[in-house]
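I opened the model to look up a few contacts, strand pairings and charged pairs. My notes follow in the order I checked them.

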Amino acid sequence: MQLFLDSTDTAVIADLAATGLVDGVTTNPSLIAKSGRPMLEVIAEICGLVEGPVSAEVAAVDAEGMLAEGRKLASVAENVVVKVPLTRDGLIAVRDFAAEGIMTNVTLCFSATQALMAAKAGATFVSPFVGRLDDHGADGMELIHEIRTIYDNYDFDTDILAASIRNPAHVKAAAIAGADCSTIPPGVFADLIKHPLTDKGLEQFMSDWAKTGQSIL
Ligand code: E4P
């Protein structure tokens, strides 16, 4: 499973990318606003920090506007993925982007039929929002299972990118459900490595090792 960071904080992205475990980055208009920086500048900087796909979202809501903005975003770097909302106009734009060889991430997906339509349009990624569905009283992870089944039934190439991830349990469940990737907030990404029993065990090992008075080097 590929692990993406859902962030525009370039210092944090650089820090976590140093682990070699960050496969890509996703952004959205809210995260760009949070950065307080010009969008093209932030996207270019992120593309220099990670080799994998970096999603940059259009702001237009009509297909023509999305195509114009998407082409500009795609020109920033080879690893830019143009993110478009899962709307009628968004899917029209996705079809044209696919014909032009521009990668797309269809975002704000909340149903299996929406995901089916995104795949038929030729999306590179589809982003089902697990956390927001859970918040809404639905079962976000069930949607990942449904999309996996549909895509496998028909051999669609679109990658399932589990989004709106809130905790490590979401990442685990998305991996079990067969999501191709998860996009994860930095705090949750760091938590994926941690376990209190690892800390406790290491503390004991180090304490016992110190008592031996030995040195490996
Ligand atoms: C995904 O592409 C979105 O940027 C993100 O995962 C949304 O997460 P949120 O529901 O926590 O805002």
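I start with the term: a helix here is a DSSP run of H or I with at least four residues, and helices are numbered from the N terminus. The model is predicted, so I keep that in mind throughout. I looked up K211 and D208, and both sit in helix α11 (residues 196-212). They are 3 residues apart, about one turn of the helix. I find a salt bridge between K211 and D208, with the closest N and O atoms 3.3 Å apart. Are the two partners buried or exposed? K211 is exposed, with a relative accessible area of 65%. D208 is partly exposed at 34%.

**Salt bridges elsewhere.** I then searched the whole structure, and the search gives 9 salt bridges. I noted R71 with E100, where the closest N and O atoms are 2.7 Å apart. R71 belongs to helix α4 (residues 63-74) and E100 to helix α5 (residues 88-100), so this pair ties together parts 29 residues apart in sequence. R71 has 39% relative accessibility and counts as partly exposed. E100 also counts as partly exposed, at 39%.

Next I checked R148, which forms a salt bridge with D180. The closest N and O atoms of that pair are 3.1 Å apart. Where do the partners lie? R148 is in helix α8 (residues 140-154), and D180 is in the loop between α9 (168-177) and β8 (181-184). The pair links distant parts of the chain, 32 residues apart. R148 has a relative accessible area of 15%; the cut-off for buried is under 20%, so R148 is buried. D180 is partly exposed at 25% relative accessibility.

I also found a network of salt bridges that links R37, E41 and E45.

**Two helices side by side.** I looked at how helix α1 (residues 10-17) packs on helix α3 (residues 39-49). The angle is about 10°, and the axes are 10 Å apart. Angles under 35 degrees count as roughly parallel, and α1 and α3 are therefore roughly parallel to each other. Which residues make the contact? From α1 I list T10, I13, A14 and A17. From α3 I list E45, I46 and L49. These residues divide into 5 nonpolar, 1 polar and 1 charged. E45 of this contact is also part of the salt-bridge network with R37 and E41.

**Strand β1.** I turned to strand β1 (residues 2-6), where 4 of the 5 residues are buried, so the strand is largely enclosed by the rest of the structure. Which way does β1 pair with β8, parallel or antiparallel? The pairing is in the parallel sense, over 4 bridges. L3 stands opposite S182 in β8. I checked strand β2 (residues 24-26) too: β1 pairs with β2 in the parallel sense over 3 bridges. F4 stands opposite G24 in β2.

**Last entry, K34.** I placed K34 in helix α2 (residues 29-35). K34 is exposed, with a relative accessible area of 71%. How far apart are the C-alpha atoms of K34 and T8? They are separated by 7.9 Å, although the two residues are 26 residues apart along the chain.

Methods
Residues are numbered from 1 along each chain as its sequence is written. This is a predicted model: local features need pLDDT of at least 70, side-chain atom pairs count only at pLDDT 80 or more; totals for chains, interfaces and linings use all residues. Side-chain values use heavy atoms; hydrogens and water are left out. Axes are lines fitted to C-alpha atoms, for helices over the stretch in contact, and angles run from 0 to 180 degrees between N-to-C directions. Angles under 35 degrees count as roughly parallel, over 145 as roughly antiparallel, 65 to 115 as roughly perpendicular and the rest as oblique. Contact means heavy atoms within 4.5 Å. Ala, Val, Leu, Ile, Met, Phe, Trp, Tyr, Cys and Pro count as nonpolar, Asp, Glu, Lys and Arg as charged, and the others, Gly among them, as polar. A salt bridge is a side-chain nitrogen of Lys or Arg within 4 Å of a carboxyl oxygen of Asp or Glu. Buried means under 20% relative accessible area, exposed over 50%, partly exposed in between (1.4 Å probe, protein chains only). Two strands pair if DSSP finds at least two bridges between them.
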